[in-house]
Amino acid sequence: MPIGNEWLERILEQEAPGGRPARLSIVVPSVVAPDEPFSIKLAVLDEKGYPSVECDGCAKPLEGPWQVPDGEVRFGRGKTAVHVLSDAVLLEEGVFRVAFDFDGETFLSNPVRCTKAPSTRIWWGDPHVHTIISRCIWQRCRSLNFCFVCARYVTGLDWVAAADHVSNGRSGPEKWKAQRIAARLFDDPPEFVTLLGYEASLKGGAGGDNNVYFADDAEEFVDEYEEGNTRTLCEKLGNQDFIIVPHHTTRTGKHGELSDDLYLGLKHMPVVEIHSKWGASEYRGNPAALHEIHPGPSYVQDYLARGYAFGFIGGTDTHATMPSGGGDESGHIDRLPGFTAVRSSELTRAEMFSNIRARNCYATSGERIYVEANIAGVGMGCDTVWQDASVPRKIDVEAAGESDIVRVDVVRNGRDIFSAKGGGWQAQVSWVDEENLPGVAYPPGGAFDCPFVYYYIRVTCASGAQAWTSPTWFKLIGG
Ligand SMILES: [Zn+2]
Ligand SMILES: [Zn+2]
């Protein structure tokens with residue numbers, strides 16, 4: 001009983017038959033309650049991240065504060081080595097990584113927080129996968145079917161969006177119809193969710209590369225590449241419910257040129273894709289930068305300084321149709337894969353969409369890093385009026401990585417104002433910012449008609465993986 005449906009396995013076998021086993025991927029939910037059943041998604045991957053069809057090994061859970069019924073899994077040569085173990089439970093509260101033995105070697109899952117009556121969950125997704133529909137590096141791409149099956153069973157994601165290109169005649173009504181059908185077909189809440197979206201490339205000075213995501217279905221896409229910009233794109237999308245998300249804003253050439261005219265505000269442009277396999281666009285000089293960088297102010301921190309109230313998402317922008325990693329990509333798409341962590345109580349399309357719009361989400365690269373940040377009691381992605389700007393802000397962070405945490409940084413208005421060294425795969429950081437805010441505030445702009453200060457948390461792991469929480473904003477009115 002691998003994943004329970006031979007057709008799904010055949011889709012993986014047909015399009016990405018992986019070679020010799022290199023590692024066991026173990027994916028668990030990031031948040032569960034004690035004794036609450038959850039699934040463990042196992043995938044044996046080859047060195048490129050493709051699911052192995054040459055595995056005759058055995059995976060079995062090691063001792064720990066968990067129970068995994070039917071825990072021992074024997075993979076068979078000639079079949080795709082993916083498997084879902086259901087009805088696992090954690091027996092006590094805490095943060096754990098579930099350990100498996102795989103042919104004599106120990107492998108660990110992503111961190112899972114076990115807590116009584118969790119108020120919210122974390123749902124991991126890749127909003128930015130290209131398939132063969134894109135007609136872009138199509139030789140490396142795979143089908144829509146593969147995108148969704150791989151996302152769910154190989155990468156172990158909770159949600160995904162195939163965001164294929166439409167510009168330069170790369171789509172049409174027939175391809176859009178295929179995308180809509182696939183997004184409907186594979187949307188399977190509460191186990192797995194799809195978002196319908198596409199990539200709307202725009203020219204330099206017109207907003208650069210953006211993705212459009214719909215709250216639900218959409219009969220037509222709008223392509224404004226030749227003549228339009230983010231604003232005309234937004235107008236022509238009309239009454240549908242959608243968001244437009246800029247990505248790799250520092251890409252050189254035609255990109256990185258958002259302006260006050262092109263920033264669409266909270267409803268239609270609530271988040272930016274801060275990291276993809278192209279690299280991170282957080283700030284100039286960041287360690288995972290794109291290979292060629294726009295010379296102008298095109299970083300996320302440049303936009304935050306202007307008051308563009310962006311939350312953060314991460315995606316792969318894979319052109320090998322490998323959601324969240326691996327595969328034979330072109331040379332310029334070689335950074336760690338990006339993930340988006342959406343915080344919500346339930347896994348549905350509507351919840352994913354509305355919580356991304358509410359910036360109740362964070363971005364990571366490379367790992368499913370667990371992060372809980374409390375900035376003076378104000379939630380991630382929220383803004384608040386800070387009545388007395390001299391009142392200190394207490395900042396608490398709890399984080400857990402798949403690899404050891406090297407550093408936790410508190411970023412305030414473009415500066416790392418506090419950094420704590422990590423010491424293991426878990427970190428707890430508490431710090432009080434006593435700086436008088438008016439002295440460091442940015443002037444009104446973008447979404448803010450008053451001076452403002454933002455904070456976000458950056459976590460860096462030994463593997464190079466990072467997490468960026470969506471900012472929290474403090475508005476200084478009359479201060
Ligand atoms: Zn492309
Ligand atoms: Zn793309």
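Hi everyone, let's start with strand S4, which is joined to strand S8 (residues 94-102) by three bridges, the two running antiparallel. Strands here are DSSP runs (E, at least two residues) and helices are H or I runs of at least four, numbered from the N terminus; two strands pair if DSSP finds at least two bridges between them. Within that pairing, Lys60 stands opposite Asp101 in S8.

A quick word on the source: this is a predicted model, where local features need pLDDT of at least 70, side-chain atom pairs count only at pLDDT 80 or more, and totals for chains, interfaces and linings use all residues. Residues are numbered from 1 along each chain as its sequence is written, with chains lettered from A and ligands numbered from 1 in the order in which they are written.

S4 has another antiparallel partner: two bridges join S4 to strand S6 (residues 73-74), and there Ala59 faces Val73.

Now the domains. The assignment, automatic or from a database, gives domain 1 (6-114), domain 2 (121-366) and domain 3 (375-475). The C-alpha centres of domains 2 and 3 lie 25 Å apart. Thanks, all!
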